[in-house]
Structures are given as structure tokens and as C-alpha cells.
Amino acid sequence: MSKIIIMTFISFILEALLSTFFPTDSLFNCCFIVMTFIILYHSLNKKDIVIQYAIITALIYDICLSNTWGINLFSFLLLFLIIKGLFFWLSYTIFNVLLVSLVVIGSYRIIVYVLLGLIGYLTFDGYILLKSIYSSIIINIIYVLILYTIDTILKKYKKNYI
Amino acid sequence: MKKTNKKYIFLIALLIFSLVLSFIGNVVITDRKLTPPEMLIKDSVLFVVKIVSTPFNYIKDKASEAKEKDNIYKKYETIKQEAEKIEMVNAKNRELSKELDEMKTLLELNNTLAEESYLNATVINRNIGYFYNTLTIDKGKNSGIDVNMAVVTNKGLIGKITKVSGTTSVVKLLTANDSNNKISVKITVDDKDVYGLLSSYDEKNNVYLVEGISENIEIKEQSLVTTTGFSQYFPSGVYIGKVKGVTKDNFDLAQLVEVKSDVDFASINFVTVLKREAKKDE
């Protein structure tokens, strides 16, 4: 449980912090909370904890950072299904984690964009969607690699670690 | 039987999806007020974020200070030249405000749309979630900020306050393509004002689009664009940008003016909130 809280807290703080460090039109747009989700999904045995985690994190994220209500709640639950589906076929190796990360970054941006488009918050523009996806890849892949490495090391040295 | 079940499941899923969409739409599009629990969560979490980010911001500021030191002599020369002019501008300002006061007394005007006070704030987080075009600043209701106040930087108008909690506020940027976000603006061409509506933002070319300008008015490039003060929220005379080009609308009936802002929306760190003074003598 402490692992969930620590990882989420660090991701949350880093996401808020880095948003003021990098310009928004740079190639470093973070979605660290979603990346944490990939690592936590696999290292937790009870998958219902991950759903609870998704709901609580999404609510806090919606209220505190994105200033909306429901968009991330809906998209995090969909992402949970996507991650579940992908890890049903793929094993937990570094290559597969990277692959899942790429799919999740793309799906996350598409889900949020489609939802905002459907409610009339923004007008559909493929260029903006594409830009949002490719500008999020580098930093999130680096972050997921760091998380994966820490997770693997901790698993190796700590037997009862969650 | 199975086919009928699938139909029902599909219909129920569609219904749930529509309900979720209408709920999200209602929450996101309408500028609703934050509830007390939301304010509490938001303030506590962002307080922690602010504390953690303080040392990092300090290092960042020091790094940019060191970078700026390289150009310090050049800047000094520019500022020296500006300072020489400032006395003249101040004298003219004093004269103009005196004239304005006299005119107001003459016309018995107690409140104009140009009256406001300033409050500086720091950006805590910027455009998280990529598509929202919002900023969160470190001043809120406790500092006297309220919804719909205009927000500027030293390079012009950037947006308005949409949500306020005790210690933080959310600024919706002008770059958000929101149909409810149209602003009445004036373009100054040869000492005459041409009025229009700032309707959207073209992200590819980084320009605002001003519509509603008649075809027979010639709009020159580099003309100043400011707010009119006609709207309920924005005071008059707030600088927005300069005219970059003019095109025709889809029906060839009116002109579509492209306005280039000097603001770098991708890296805003400090902002000023224009607090409207509701001065009423009676």
C-alpha cells in the first residue's frame, strides 16, 4: 500500500512541477500518473486495488490539476481496461512495458480529445491531437523506464514488497 | 434471445455513455463554482506541490538570473534610454488623468470600465492535460480574486479567471477555442477605433482571429488591438496584440483580422490579475 501512495505522490508532484519547467509546446508533456498506472497494474496482485487506485487518483487529478470532473475518471477506467487487455497477451518485460506505454499514451490523448470534442470544449483538429501524442512520448517513456528499473530492483531485494 | 440481449446491452451502454458525456459537458463547459470539499482538496494538494516545488523554482530562478547577467550591460543601456523618456510620459499621464477626472465630474460618471487594481501571482502549474489551455496561479479568494477577472502579463491580456478556491485560481487562456469566450476588441487605425470580436485562436499560425469587421474598412498591419471594455468582464484598453494580416471570411462579406500576440503562451510563469473596482459613490 505504501508503494502505491509513494509512487502516486511522486508522480503527482513531478507532473505538476515539470509543467512549469518545460514550455507547453515542447516535446516534454508529462502524463506521469498514467505511466505509474502501468507499473502498479503489474506489480499488484489484487487487480481490484488498481481500480480503486484509478478512481481515487482520477478524482484528485481532476479536481487539483486538470480542473475538470469526470474526464480523467472516465479515461483512467478505459485505460485500465486497455492495460488489462494488453498484459493479458504480453509478459512483463522491459520491451513490452515500453510497447504498452506507447499504446497507453496514444489512447489517453485520444480518449480525452474525443471526450472534449464531443462535449464541444474544442474543435476537432488532427494536427493538435497528433502533436499532443508525439510531444508526450519522450519524457513519459523515460519516466516509465525509471519506474520499471526501480520496481525490478525493489522486487529483487525485497521479498514482501507492495 | 442472445441477439435481443446484445441489443439491450448496447442500448444501455449507449445510454450510460450519453449520461456520462452530458455530466462531463455540464461540469467542464459551464463555469460552475467549486464546492467546499473540492476547494479543500485542491488547496491542500496544491499547497504541498508549492512547498515541494519551492527549492526547484529557486534553483531555476537563480539559473535564469545567471543567464541574464550576460546581457546586463545591453539591458542597462535600453533601460537608461527608456528612463529618460519616463518623466515625460508620467507628466502626460498626470495631465490625462486630471482631464479624465474633470470629464467624469462633468458627466456625473461614478464608474468606468477602465478602473482596476493589480495583483501579481505565480503560476503553480501550466496546461496539465494538454488540451485545457489553463493555468493555476497561487492566489485565490483570500487575496480578493473572483471569477471572470481579467489576467495579463507584461506583454498583454492572456485570459480570465474561471475557478477560484481559497488560495488558488484557474486561468482560462485566450488560446482555448471556446465559443463562450468571445471578447469585444478595438483595432486602432489612424486614431480611429474599429470594433470587432476576438473569436478564436489559430494554433498553427499562433494568431487570434477577430471577426465582424466590415469589408470597406482598411485595416493596416501592426495596428494595435486592445479590449473595448464593453463586455462585463474585461476593462478597456488592455493590450492584446498587433494586426498581422487580413483575410476574408467564408462568405466573402466581412474581414477576418489576424492578431499576433507578444505573449509566449507556452511558458508563462508570472501573471497579474486585474481586480475590477466597483466604485460607486451612491
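Colleague: Does A:Tyr41 count as buried or exposed?

Modeller: A:Tyr41 counts as buried because its relative accessibility is 7%. Buried means under 20% relative accessible area, exposed means over 50%, and partly exposed lies in between, using a 1.4 Å probe and protein chains only. The model is a predicted one, in which local features need pLDDT of at least 70 and side-chain atom pairs count only at pLDDT 80 or more, while totals for chains, interfaces and linings use all residues. Residues are numbered from 1 along each chain as its sequence is written, chains are lettered from A and ligands numbered from 1 in the order in which they are written, and side-chain values use heavy atoms, leaving out hydrogens and water.

Colleague: Where is A:Tyr41 found?

Modeller: A:Tyr41 belongs to helix 2 (residues 32–43) of chain A. Helices (H or I, at least four residues) and strands (E, at least two) are DSSP runs, numbered from the N terminus. From A:Tyr41 to A:Lys84 the separation is 43 residues in sequence, with 8.0 Å between their C-alpha atoms.

Colleague: And the surface of chain A: which residues form the nonpolar patch?

Modeller: Among them are A:Leu27, A:Phe28, A:Tyr134 and A:Ile146, and the patch has about 770 Å² of accessible area together. Patches are made of residues with over 30% relative accessible area and no salt bridge; like charges are joined within 9 Å, and nonpolar side chains (Val, Leu, Ile, Met, Phe, Trp, Tyr) within 5 Å. The areas come from the Shrake-Rupley method with a 1.4 Å probe, and for residues only the protein chains shown count as cover. A:Ile146 sits in helix 6 (residues 126–157) of chain A and is partly exposed, at 42% relative accessible area.

Colleague: Moving to chain B, how many helices and strands are there?

Modeller: Chain B contains three helices and twelve strands. Its C-alpha atoms fill a box of roughly 85 × 55 × 50 Å along the principal axes, and 38% of its 282 residues count as buried.

Colleague: Is B:Asp138 buried or exposed?

Modeller: B:Asp138 is buried, at 15% relative accessible area, whereas B:Lys50 is partly exposed, at 37%.

Colleague: What distance separates N and O in the salt bridge of B:Glu65 and B:Lys62?

Modeller: That distance is 3.5 Å. Both residues lie in helix 2 of chain B, three residues apart, about one turn of the helix.

Colleague: Which residue other than glycine has a phi of about 75°?

Modeller: B:Asn148 has that positive phi. Most residues other than glycine have a negative phi. B:Asn148 lies in the loop between strand 2 (134–137) and strand 3 (150–153) of chain B, and counts as buried at 18% relative accessibility. B:Gln222 also has a positive phi, near 70°; B:Gln222 counts as exposed, because its relative accessibility is 54%.

Key: A salt bridge is a side-chain nitrogen of Lys or Arg within 4 Å of a carboxyl oxygen of Asp or Glu.
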